[in-house]
Amino acid sequence: MRVPLVLLGCGRVGQALLEEAASLDLQFLGVLDSTGGVVDGGGIPQGRLSQLLSRKREGVALGELGVPGEGATSALLALLRERRGLLVDVTAADTRPFLFSALEAGWGVVLANKLPLVGPWEDFRRLSSVGYEATVGAGIPLITTLKALLGSGDEVHLIQGGLSGTLGFLLAEVERGEAFSQAVRRAMARGYTEPHPAEDLSGADLARKGLILARTLGLPLELEEVELEPLASPAGRGLPVEGFLQGLRAQDAELRRRLEGAKRRGLTLRYVVEVSSAGVRAGLREVDRKSPLARAQGVENVVVINTRRFKGHPLVLAGPGAGPASTCAGLLLDIFRLARTLGR
Ligand SMILES: NC(=O)c1ccc[n+]([C@@H]2O[C@H](COP(=O)([O-])OP(=O)(O)OC[C@H]3O[C@@H](n4cnc5c(N)ncnc54)[C@H](OP(=O)(O)O)[C@@H]3O)[C@@H](O)[C@H]2O)c1
């Protein structure tokens, strides 16, 4: 059976999924961005999908190519009532009302979008059946692994994650002798950061990832309870980028001092998200230079999982933790898993 789905969001990740779709057994019933889109309960023909993708890549809004605004939303809500399928949310918006409607109508839901999962715990519980592999570590099968461990009666004691390729890259550069502020400029030049690097350095996205992991373990925590040590003040987001970068120079000496201190103890510094029954913490940690967390290459993500059965020799997962292709791999794990439950 072809998997019927609606794609909510058509940015970098959504476009990668559309591109991949040509070689997969997926039937697109709708493709929407923030301006509107195309909804067709009979399935959008492949030729039309390719046209939508290439026009979107040229910068044309889907609202101009299909039905604009509210009209597209109403068509989508009607489709949710008429058919069954999967709603794949690759927006970066708070889509909870949409997701709840889809679930109530018997649809499966797949997310790359973290925002719906970091609202109140009660909302997370309402979303317990959704697939969200792509939200943490992109295509690394981390959520699948955690659920399999828990499902087999194991107990997860501690997760340590180098879950930001950008921050991993920055600290590896500082370790090589680069000044922190220069390393941020280099990461920007390589396209590793958000348009405003304060976004990456605030650690906010890592707090969300840590919370999603903790909730996966059944810990009823809220975002405000995550202990977060930002690498730069979140207030920096309000500054023009160049002013923000200039300001970072004030941190060069302090970071160098912390790194030298770690080196004297035979260790190095990495930005680590830690999840345990004690809660979620994210910040700079001194780690063994030979540990998997220190050895991550480039923008690789690494996750070390200590459980009752994997004790002393923890389970280690590593791979590209961001990027449209890797995120798409995570989405497809959930899409084909949930497709098997459709119509049951
Ligand atoms: N990129 C990665 O490597 C990566 C990795 C893991 C997870 N993620 C997550 O995946 C999601 C998508 O990432 P991305 O890089 O593709 O972001 P993006 O390029 O900014 O694309 C976001 C898309 O969502 C659309 N959108 C926003 N609000 C919407 C709404 N209310 N209804 C329908 N569409 C809406 C946007 O519409 P317009 O085109 O009209 O602006 C855009 O097409 C994000 O939540 C991100 O955190 C990304």
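**Pocket, ligand and cavity**

A: Begin with the largest pocket, whose lining residues divide into 17 nonpolar, 16 polar and 8 charged. Keep in mind that the model is predicted.

Q: What general idea lies behind a search for empty space?
A: Rolling a probe the size of a water molecule over the atoms shows where empty space is left. In this structure, about 1300 Å³ of space lies in the largest pocket. A total of 41 residues line the largest pocket, and those closest to its centre are R12, K114, E194, D205 and A322.

Q: Which elements give two or more residues to the lining of the largest pocket?
A: They are α1 (12–21), α8, α10 (198–201), α11 (204–216) and α15 (324–339). The largest share comes from α11, with 5 residues.

Q: What takes up the space of the largest pocket?
A: The ligand does: the space it takes is the largest pocket.

Q: How many residues surround the ligand, and which are the closest?
A: The ligand is surrounded by 20 residues; V13, S34, K56, T91 and G323 are the closest. Sorted by class, this shell has 9 nonpolar, 7 polar and 4 charged residues.

Q: How much of the ligand does the protein bury?
A: Taken alone, the ligand exposes 900 Å², and the protein buries 71% of that.

Q: How is a cavity told apart from a pocket?
A: In a cavity the probe fits but cannot get out, whereas a pocket is open. A search of the whole structure finds 1 cavity of 30 Å³ or more. The largest cavity holds about 110 Å³ of space.

Q: Which residues line the largest cavity closest to its centre?
A: Of its 13 lining residues, G162, G168, R270, L293 and A296 are the closest to the centre. The elements that give two or more residues to this lining are α8 (165–175), β9 (267–276), α14 (292–295) and β11 (300–307). The largest share, 3 residues, comes from β9.

Q: How does the lining of the largest cavity divide by class?
A: It has 7 nonpolar, 4 polar and 2 charged residues.

Notes
Residues numbered from 1 in each chain as written. Predicted model: local features only at pLDDT ≥ 70, side-chain atom pairs only at ≥ 80, totals over all residues. Heavy atoms only, no water. Near = heavy atom within 4 Å. Areas by Shrake-Rupley, 256 points an atom, 1.4 Å probe, with all protein chains shown as cover. 1 Å grid on protein atoms, 1.4 Å probe; cavity = no way out; pocket = protein on both sides within 12 Å on 5 of 7 lines; lining within 4 Å. Sits in = over half its atoms within 2 Å of the grid points. Nonpolar A, V, L, I, M, F, W, Y, C, P; charged D, E, K, R; others polar. Points joined across faces, edges and corners; volume = space filled by probe spheres on them. Helix = DSSP H or I, 4+ residues; strand = E, 2+ residues; numbered from the N terminus.
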